[in-house]
Amino acid sequence: MADPRNRRPIASRNAAWARGLARWLAATSVSPNAISMASVAFAALAGAAFWLSGGAEGWVRAVWLILAALGCQLRLVCNLMDGLVAVEGGKGAPDGPFWNEAPDRAADILILVGLGLGASAPALGWAAATAAVLTSYVRELGAAQGLGQDFAGPMAKPQRMAAVTAAALVAVPLPVVAGWPVPVLALWLVCLGAFATAARRSLRLIAGLNAR
């Protein structure tokens with residue numbers, strides 16, 4: 001069994017639907033690594049849909065935004081299932097740690113850069129993606145130093161995807177709030193929140209190292 005410190009605390013991990021889906025997947029030939037790879041495909045769908053929504057209008061724009069929200073959530077389902085199938089299903093592989101982390105970084109970049117392109121704010125999209133990757137880097141650095149994985153927020157992966165998904169759905173009927181495009185507001189929220197998260201995790205890491 002994996003060290004509990006190295007598993008993200010997710011309430012839905014114990015949900016009946018998650019356990020049932022994990023048992024079904026574990027009984028098939030699908031590997032946890034393949035599920036991790038599928039998460040990148042769903043992230044690419046979300047990123048492309050965000051991008052295409054920027055030049056669309058009316059019901060076409062609404063369809064792209066809904067597809068983007070769906071892609072973000074399916075990415076998270078894959079992130080949940082790969083761990084459940086690997087650990088509880090006993091199908092982990094020696095190269096599992098790579099496939100557990102690397103696709104996540106690609107997924108963050110695809111979604112946030114796609115959102116930035118669709119919002120005509122590519123620099124902000126890349127800044128948000130950079131901040132997201134930085135939070136993960138600090139988390140993995142702490143784990144490499146034997147301090148365990150730090151999943152502290154305020155803008156960890158679940159919160160990032162919640163913000164982006166909410167932005168996609170809100171932008172369908174309400175493209176602009178207080179004079180700001182909803183996707184741009186979401187990107188600022190993710191960017192500033194993720195940099196704050198990286199800073200918080202860094203301070204906790206430094207404190208942990210000094211306490212040893």
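These legends go with a few views of one predicted model.

Residues count from 1 along each chain as its sequence is written, and side-chain values use heavy atoms, leaving out hydrogens and water. Local features need pLDDT of at least 70 and side-chain atom pairs 80 or more, while totals for chains, interfaces and linings use all residues.

**View 1. The whole chain.** Here we have seven helices and two strands, running α-α-α-α-α-α-β-β-α from the N terminus. (Helices are DSSP runs of H or I with at least four residues, strands are E runs of at least two, numbered from the N terminus.) The C-alpha trace spans about 50 × 45 × 25 Å along its principal axes.

**View 2. The largest pocket.** About 840 Å³ of space sits in this one. (On a 1 Å grid over the protein atoms alone, a pocket is an open set of points where a 1.4 Å probe fits, with protein on both sides within 12 Å along at least five of seven lines; lining residues have an atom within 4 Å of a point. Points join across faces, edges and corners, and the volume is the space filled by probe spheres set on them.) Of its 36 lining residues, Arg13, Asn79, Asp82, Gly83 and Asn100 come closest to the centre. α3 gives the most to the lining, with 10 residues.

**View 3. The second largest pocket.** This one holds about 180 Å³. Its lining has 13 residues, and Gly54, Arg61, Gly118, Ala119 and Pro183 are the closest to its centre. Look for α2, α3 and α4 here: each supplies at least two lining residues.
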